[in-house]
Amino acid sequence: MASKFHWVEILLYMTPIIVVYVSNKYFRSYLKYFKGWPLSLAIILVPLWLVLIFEYGWLIFEYNLVPYILFITAFMLGCQLYDYVRRVDEFFYRDYYQPASQLVFTSFTSFLTGLVLLRFITYFI
């Protein structure tokens, strides 16, 4: 059974908004510091998404979902890498870096969105 609402939980909902705002406002120039390996906001948010997935997993299921989500994401990365290697003549990690980070961010975002929606559903039903 899901735990009851705690006021500290509002911090969990506000943290991504605050991190995105602060990153765009104050750290935009630092994301382009390494020209060969540019960072994106998606890469910056991946650790925060893992922490939020862990917290929502404990709030909803009282169980850690991170190992399962990492396994599913690693499987998707393996399938994407297999397809990517088949299409190129010579593999360079630098070229694969951005598509892989986009896939990880999309995967974590979809899991996190599902958990947040499930948490809202547990409030009202």
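1. Start with Tyr63. Tyr63 sits in the loop between helix H3 (41-61) and helix H4 (66-87). Helices are DSSP runs of H or I with at least four residues, strands are runs of E with at least two, and both are numbered from the N terminus. Tyr63 is partly exposed, because its relative accessible area is 42%. Buried means under 20%, exposed means over 50%, and partly exposed lies in between (1.4 Å probe, protein chains only).

2. A word on the basis. This is a predicted model, in which local features need pLDDT of at least 70, side-chain atom pairs count only at pLDDT 80 or more, and totals for chains, interfaces and linings use all residues. Residues are numbered from 1 along each chain as its sequence is written, and side-chain values use heavy atoms, with hydrogens and water left out.

3. Now the overall plan. From the N terminus, the order is α-α-α-α-α. Along the principal axes, the C-alpha atoms fill a box of roughly 55 × 35 × 20 Å. Of the 125 residues, 26% count as buried.

4. Next, the surface. The protein exposes about 8800 Å², and carbon and sulfur atoms supply 72% of that area. Accessible areas come from the Shrake-Rupley method with a 1.4 Å probe; for residues, only the protein chains shown count as cover.

5. Tyr63 also belongs to a nonpolar surface patch of about 1000 Å². Helix H5 (residues 93-124) gives the largest share, 5 residues. Patch residues have over 30% relative accessible area and no salt bridge; nonpolar side chains (Val, Leu, Ile, Met, Phe, Trp, Tyr) are joined within 5 Å, like charges within 9 Å. A salt bridge is a side-chain nitrogen of Lys or Arg within 4 Å of a carboxyl oxygen of Asp or Glu.

6. Look at Pro16 in helix H1 (residues 9-26). Is Pro16 buried or exposed? Pro16 counts as buried, because its relative accessibility is 16%. Leaving aside neighbours within four places in sequence, Pro16 is in contact (heavy atoms within 4.5 Å) with Leu48, Trp49 and Leu52. The C-alpha atoms of Pro16 and Leu59 are separated by 18 Å, and these residues are 43 apart along the chain.

7. Finally, contacts along the chain. Among contacts with a separation of 6 or more, 72% join residues 24 or more positions apart.
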